[in-house]
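Let's take a walk through a protein together, one piece at a time. Keep the picture open beside you as you read.

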Amino acid sequence: MNLVSIDSLSDAQIEQLLVRGESWFKSNRSSSRGEAKDLHNKLVFNLFYENSTRTAMSFAAAAHRLGAAPVFLPVEQSSIKKGETFEDTARTLNAIRPDCIVIRHRENGVPERMINLVDCPVINAGDGTNEHPTQALLDALALKVYLGRIEGLKVAICGDIRHSRVARSNAKLLPRLGADVRLAGPPSLMPDDVPSLSIDEAIDGADVVMMLRVQRERLEEDLGDAPGEYLARYGLTKERLSTAARDAVVMHPGPMNREVEIAGDIADDPERSLILLQVEAGVAMRMACLEMLTLG
Ligand code: ASP
């Protein structure tokens, strides 16, 4: 089994991941954490061709907490820089016999290519603008842990939807769990096939407001916005949040551009912000994913 897209998962598998994820979330908080040895002697290879803080560290922590050994390929110092092809790198790594490969790549579809080159399960840790399935799963887990439900929630996902693999995976996963997802962003940052909704329309009455980073590294032309302009026109400010449901919670996959897509005081508001809870849920959900893929 591989995890390259939310579409790779059946409803029963999603349910199983949420149940196991919640159980790992609780045990990671308790004093008995770190005693699980389910993946003892397993090798998890982490290949990050694109920058990462949360995903890379939480996959490493997840492997470690399960008793597996996380091993990172330092891409910048590897033979990739000597011109080795992706196929040769994949076959080389496969010959070392890992039990799972976690891969992030700037191009869409690379994790899918990896599946055909190796014998172990492959997990997509984000491919270009395509998908980031474990992020959506951890977002669902954070909602389940914090709000106790996903079914019936109105979720506004706002910002740079065009370049967001997080939005794409969440737009597949959350409706399958019974949430009503609305996508909104600046017109130039919306995909052509998604009807345009204004940020204000999306946030109005929402139970969950998920803000996304402007992915300037993927823009062909800079937005040309003046300092403060993006926040005022499209960002999450106190005024905008006041139009959401009374106890609405705020999410962001990180890294945040403070005072661009989200005001710093909202990001830091312990009553509203689930941002660090998302990170914590990330370790638990990645434990559940590693367990499902390597133990079956
Ligand atoms: N960390 C997320 C990702 O890798 C979101 C982002 O980079 O803005 O897709």
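This is a predicted model: local features need pLDDT of at least 70, side-chain atom pairs count only at pLDDT 80 or more; totals for chains, interfaces and linings use all residues.

Residues are numbered from 1 along each chain as its sequence is written, and side-chain values use heavy atoms, with hydrogens and water left out.

Let's begin with a sheet. Four strands form an open sheet in the order E2-E1-E3-E4, with parallel pairing. In these names, helices (H or I, at least four residues) and strands (E, at least two) are DSSP runs numbered from the N terminus, and two strands pair if DSSP finds at least two bridges between them. At the edges sit strand E2 (69-73) and strand E4 (122-127), each pairing on one side only. From one strand to the next, the twist averages 15 degrees. To see the pairing up close, find strand E3 (residues 100-105), which runs parallel to E4 and is joined to it by four bridges. Val102 has Ile123 in E4 as its bridge partner.

Helix H11 (residues 275-295) packs on this sheet, touching strand E1 (43-48), E3 and E4; contact here means heavy atoms within 4.5 Å. The direction of H11 makes about 140 degrees with that of E4. Such angles run from 0 to 180 degrees between N-to-C directions, and axes are lines fitted to C-alpha atoms, for helices over the stretch in contact.

Now look for a second sheet. This open sheet also has four strands, ordered E6-E5-E7-E8 with parallel pairing. Its edge strands are strand E6 (180-184) and E8, and each pairs on one side only. Here the twist averages 20 degrees from one strand to the next. Strand E7 (residues 208-211) pairs with E8 in the parallel sense over three bridges, and Val208 stands opposite Val249 in E8.

Which strands does H5 lie across? H5 lies across E7 and E8, running at about 160 degrees to E8. Two packed helices are described by the angle between their axes and the distance between the axes. For helix H5 (residues 133-147) and H11, the angle is about 115 degrees and the axes are 8 Å apart. Among the residues that meet are Leu138 and Tyr146 in H5, and Ala281 and Met285 in H11.

Next comes the ligand. Around it are Arg104, His132, Arg165, Val166, Arg213, Gln215, Gly254 and Pro255, each with a heavy atom within 4 Å of it. An N or O atom in the side chain of Arg165 is 2.7 Å from an oxygen atom of the ligand. Arg213 also places a polar side-chain atom 2.7 Å from a ligand oxygen atom. Gly254 uses its backbone: an N or O atom there lies 2.8 Å from a nitrogen atom of the ligand. The protein covers 92% of the 260 Å² of accessible area that the ligand has on its own, with areas from the Shrake-Rupley method and a 1.4 Å probe.

Finally, two backbone details. Most residues other than glycine have a negative phi, and most peptide bonds are trans. Yet a cis peptide bond joins Gly254 and Pro255, with omega about -10 degrees. Pro255 lies in the loop between strand E8 (249-251) and helix H10 (264-267). Asn41, a residue other than glycine, has a positive phi near 75 degrees; look for Asn41 in the loop between helix H1 (11-29) and E1.

Note on methods: A polar contact is a pair of N or O atoms within 3.5 Å; within protein, one must be able to donate a hydrogen and the other to accept it, and residues adjacent in sequence count only if both atoms are side-chain atoms.
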